[in-house]
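Here's a quick tour for anyone opening this structure for the first time. Have a look at the sequence and the model, then read on.

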Amino acid sequence: MSIGGKMKSRRRPYAEQRPQELGGGVWSVPVPIPGNPLGYTLVYAIDSPRGPVLVDAGWNHPEAWEALSGGLAALGLDVGAVSGVVVTHFHPDHAGLAGQVRQASGAWIAMHESDAALVRLMNEVAAGEQAAFQADMLRRAGADPGEARQAMGERPAPPAPPDRELRDGDLIDLPGRKLRAVHTPGHTPGHICLHLEDADRLFTGDHVLPDITPHIGIYPYDRDDVDPLNDFLESLDRVSDLGPLDALPAHEWIFPDVATRAAEIRHHHEEKLERLRALLVQRPQPLTIWEVAAMMTWNRPWDDLAPVLRGMAAGEAAAHLRALEARGQVRRVPGVDAVRFQALDS
């Protein structure tokens, strides 16, 4: 999630979560994310004559597997009877256990084709290559060598490759129901929401959450061929156009009227873009991505952020800089050591 997102006391800890029947042939199972402040992923099960279809699967960890399989059992469902897993995006707290579910039940795994391509790439890249990639990326962003070494996080095991690849508008293999994929890029290139059209419900993954905002970053930081933040904002408009559906997100809690919340998140990012541009206008000299990240407002002061979180902050700063560049409000200044950005006159 965005390190600029806020946390409220309304979000209950994992220890207080329980599997729930939500009515209409839909259930939710909280699956823990060990050692992560998010606490848990809400995995959803949808009834089907062939066996339940899961929306996401949770983190690949023994405690998470026990919670998923035990939570389904508490609801009268058998993980061995699961017919399919639709992954909203490839991140490990969503896709991590999909492979184990497939092993236990023979279920298919589906995700958007853009994220499927990334999963294939992740499974092909060796850990040593990933470390070299991260080090070079941090250097080009302007991090000093010592800080770059500390900011390099551990790479979780890549998720299982999917059996089925989805595109926008595809219907999920769910007999008797109408569950449609809605491509909502931004958090990842292939993020999807899932519209249960026969029940006016939207499984939002990480795209729209009730209180925090998803992490929108660019990796490598200095790419100029993608624009995830503007993609994300357009995706929010797509969700808003679906109307005041009930939202079933992957974190926090279920909430009504996804369109209103999507509009709030868009407003938050537009304000953040405006503040960032104003900061750059005050600085006549071009700044590295790392310097820009240190100037921005996060949920803790920059000096208090752990090195790995600084790396995530730089990814978010890069996405906001790229959005401003695409709008013609800043320009990038190539350099031998690091790329820099400078505000353009209005």
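**Around strand 10**

Strand 10 (residues 201–205) and strand 11 run parallel and are joined by four bridges. Helices (H or I, at least four residues) and strands (E, at least two) are DSSP runs, numbered from the N terminus, and two strands pair if DSSP finds at least two bridges between them. Keep in mind that this is a predicted model, in which local features need pLDDT of at least 70 and side-chain atom pairs count only at pLDDT 80 or more, while totals for chains, interfaces and linings use all residues. Residues are numbered from 1 along each chain as its sequence is written, and side-chain values use heavy atoms, with hydrogens and water left out.

- Axes here are lines fitted to C-alpha atoms, for helices over the stretch in contact, and angles run from 0 to 180 degrees between N-to-C directions.
- Strand 9 (residues 192–196) and strand 10 run antiparallel, with three bridges between them.
- The hairpin of strand 9 and strand 10 has four residues between the strands, and Asp200 takes a positive phi near 55° there.

**Who sits where in strand 10**

- What stands opposite Arg201 in strand 11? That's Asp246.
- Strand 10 is mostly covered, with five of its five residues buried. Buried means under 20% relative accessible area, exposed over 50%, and partly exposed in between (1.4 Å probe, protein chains only).
- Arg201, Phe203 and Gly205 point one way from strand 10, Leu202 and Thr204 point the other way, and all are buried.

- Thr88 lies in the loop between strand 5 (84–86) and helix 2 (92–95).
- Is Thr88 buried or exposed? With a relative accessible area of 0%, Thr88 is buried.
- Not counting residues up to four places away in sequence, Thr88 touches Val55, Asp56, His94, Gly190, His191, Ile192, Leu194 and Gly205. Contact means heavy atoms within 4.5 Å.
- The side chains of Thr88 and His89 are joined by a polar contact of 3.0 Å. A polar contact is a pair of N or O atoms within 3.5 Å; within protein, one must be able to donate a hydrogen and the other to accept it, and residues adjacent in sequence count only if both atoms are side-chain atoms.

**Helix 7 and helix 10**

- Helix 7 (residues 228–241) makes a right-handed β-α-β unit together with strand 10 and strand 11. A crossover is right-handed if, with the strands pointing away from the viewer, the path from the first strand over the helix to the second runs clockwise.
- The axes of helix 7 and helix 10 come within 7 Å and cross at roughly 80°.
- Helix 7 and helix 10 are therefore roughly perpendicular to each other. Angles under 35 degrees count as roughly parallel, over 145 as roughly antiparallel, 65 to 115 as roughly perpendicular and the rest as oblique.
- Pro228, Leu229 and Asn230 make the contact from helix 7, and Ala319, His320, Ala323 and Ala326 make it from helix 10.
- Asn230 counts as buried because its relative accessibility is 13%.
- The C-alpha atoms of Asn230 and Ala326 are separated by 8.6 Å, though these residues are 96 residues apart along the chain.
- The side chain of Asn230 also makes a polar contact with the side chain of Asp227 (2.7 Å).
- Arg310 is found in helix 10 (residues 307–326), and counts as buried at 14% relative accessibility.
- Leaving aside neighbours within four places in sequence, Arg310 is in contact with Glu147, Trp290, Trp302, Asp303 and Leu305.

**The hairpin of strands 13 and 14**

- Strand 13 (residues 330–333) pairs with strand 14 (residues 340–343) in the antiparallel sense, over four bridges.
- Six residues link strand 13 to strand 14 in a hairpin.
- Val330 and Arg332 form the covered face of strand 13, while Arg331 and Val333 form the uncovered one.
- The bridge partner of Val333 in strand 14 is Arg340.
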